[in-house]
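Please consult the sequence and the model below while reading.

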Amino acid sequence: DETSLSVANCLVRLRGVTQGKDWPEAMRGDERTLVIDQRGCVYVPHLAVARPGTQVNFKNSDRADHNIRGSRNSFAETVFNFSNAPGTTTDSTESYLDRPGVYILKCDIHPWMSGHVVTVDTPYFDKTHAVLDPALGKAPGEAVLTDVPPGEYEVVMWHEGTVETVNGVVSVTYSPHFEEVRPVTVRAGETTTVEIVFDPR
């Protein structure tokens, strides 16, 4: 966002928490499903967060075919690869995410399409948005982690690579995703703020 200089789709989570609150309600059950839409040749949401052991289904709201290829941590490990006809939702056990990691989403038909699913091992996570949305109750670029027990932790901020390379009509690639890690001390009854600033990379 040019006015706020805030960044969307940063995943912020705590490392080192061994107690505290439960998972969000949608992530608590043994049978967990996440639906990602393909709308206007865009993955919605662009960044999804899941708990390991989640079935991801892909909805196609477009009038064109899509082919979804999911790779774990890098393009070297393809986990699933299947087609998705217009107006349908996949129900493939191939896209059951049983391991932690960053799952990179690409469409082999529309090379500019990209998205990510990050599986996390803690309920202490949030993602940022670039614009003010009063329903979210937080400022642009802000992630809020609540009900954190007092202790010493690490704040981990993840973001996808932001440098785009267009290879003709064949493919669009991005620089590697990156993380920033900061130590944080949480004290009872206090609010702790960690500021992370980064340049495109």
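The model is predicted: local features require pLDDT of at least 70, side-chain atom pairs count only at pLDDT 80 or more, and totals for chains, interfaces and linings use all residues. Residues are numbered from 1 along each chain as its sequence is written, and side-chain values use heavy atoms, with hydrogens and water left out.

**Sheet**

- Four strands form an open sheet in the order β3-β2-β5-β8, with mixed pairing; strands are DSSP runs (E, at least two residues) numbered from the N terminus, and two strands pair if DSSP finds at least two bridges between them.
- Strand β5 (residues 54-60) and β8 run antiparallel and are joined by two bridges.
- Opposite Gln 55 stands Tyr 96 in β8.

**Largest pocket**

- The volume of the largest pocket is about 1100 Å³. A pocket is an open set of points on a 1 Å grid over the protein atoms alone, where a 1.4 Å probe fits, with protein on both sides within 12 Å along at least five of seven lines; lining residues have an atom within 4 Å of a point. Grid points are joined across faces, edges and corners, and the volume is the space filled by probe spheres set on the points.
- Its lining has 34 residues, of which Gly 141, Glu 142, Ala 143, Val 194 and Glu 195 are the closest to the centre.
- Two or more lining residues come from each of β1 (11-15), β12 (151-159) and β15 (178-186), and β12 gives the largest share, three residues.

**Second largest pocket**

- The second largest pocket has a volume of about 270 Å³.
- Of its 18 lining residues, Arg 13, Arg 15, Thr 119, Asp 121 and Glu 179 lie nearest the centre.
- The elements giving two or more residues to this lining are β1, β9 (101-107), β10 (114-119) and β12; β1 gives the most, with three residues.

**Arg 13**

- Arg 13 belongs to strand β1 and counts as buried at 15% relative accessibility (buried means under 20% relative accessible area, with a 1.4 Å probe and protein chains only).
- The side chains of Arg 13 and Glu 179 are joined by a polar contact of 3.5 Å (a pair of N or O atoms within 3.5 Å, one able to donate a hydrogen and the other to accept it; residues adjacent in sequence count only if both atoms are side-chain atoms).

Technical notes. Buried means under 20% relative accessible area, exposed over 50%, partly exposed in between (1.4 Å probe, protein chains only).
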